[in-house]
Amino acid sequence: MGVAAGPIRVVVAKPGLDGHDRGAKVIARALRDAGMEVIYTGLHQTPEQIVGTAIQEDADAIGLSILSGAHNTLFAAVIELLKERDAEDILVFGGGIIPEADIAPLKAKGVAEIFTPGATTASIVEWVRANVRQPAEA
């Protein structure tokens, strides 16, 4: 995790063909309201677009929202692309409709945390603050 100055920077992304982005927008707003800089990529992003945006924006974390059932493939692709681009310091977390049985294997692949339906915005903000780099003290 970096020690760059300024607020935590998070890319919130909707990978794949899933067209339901209300949850991602709620999380993006909660993170923003908590003082973080949020870059929302919009719908139908490829893993390559998401990783490219995260690197270009000097993001500290990527939050993926997946409701389509393609979480195993899409999370793995983002993690692999971060490794290929030597950007493994960008923390990946996510949420959506993800079966309990898939959470441990996703974490084993490098996903830092998974939030399932019912997770509060406060708990997600708290987790990001606790697990993503802290801004340097002025």
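Predicted model: local features only at pLDDT ≥ 70, side-chain atom pairs only at ≥ 80, totals over all residues.
Student: Which residue of β2 is the bridge partner of V11?

Tutor: Strand β1 covers residues 9–13, and V11 lies on the side of β1 to which R9 and A13 also point. Four bridges join β1 to strand β2, residues 37–40, and the two run parallel. Within β2, the bridge partner of V11 is I39.

Student: In β4, what is the bridge partner of G63?

Tutor: G63 belongs to strand β3, residues 61–66, where A61, G63 and S65 are on one side and I62, L64 and I66 on the other, every one of them buried. On β1, which pairs with β3 in the parallel sense over four bridges, the residue bridged to G63 is V12. Six bridges also join β3 to the parallel strand β4, residues 91–96, and there the partner of G63 is F93.

Student: Does I79 count as buried or exposed?

Tutor: I79 is placed in helix α3, which spans residues 71–84. Buried means under 20% relative accessible area. Because its relative accessibility is 9%, I79 counts as buried.

Student: How far apart in space are I79 and D58, C-alpha to C-alpha?

Tutor: D58 is one of the residues forming a negative surface patch, the others being E48, E80, E84, D86, E88 and D89, and of these E48 has its place in helix α2, residues 47–56. I79 and D58 are 21 residues apart in sequence, and their C-alpha to C-alpha separation in space is 16 Å.

Key
Residues numbered from 1 in each chain as written. Heavy atoms only, no water. Patch = residues over 30% accessible without salt bridge, like charges linked within 9 Å, V, L, I, M, F, W, Y side chains within 5 Å. Areas by Shrake-Rupley, 256 points an atom, 1.4 Å probe, with all protein chains shown as cover. Salt bridge = Lys/Arg side-chain N within 4 Å of Asp/Glu carboxyl O. Lys, Arg positive; Asp, Glu negative; His and termini not counted. Charge placed at Lys NZ, Arg CZ, Asp CG, Glu CD. Buried < 20%, exposed > 50% of the residue type's maximum accessible area, 1.4 Å probe, protein only. Pairing = 2+ DSSP bridges.
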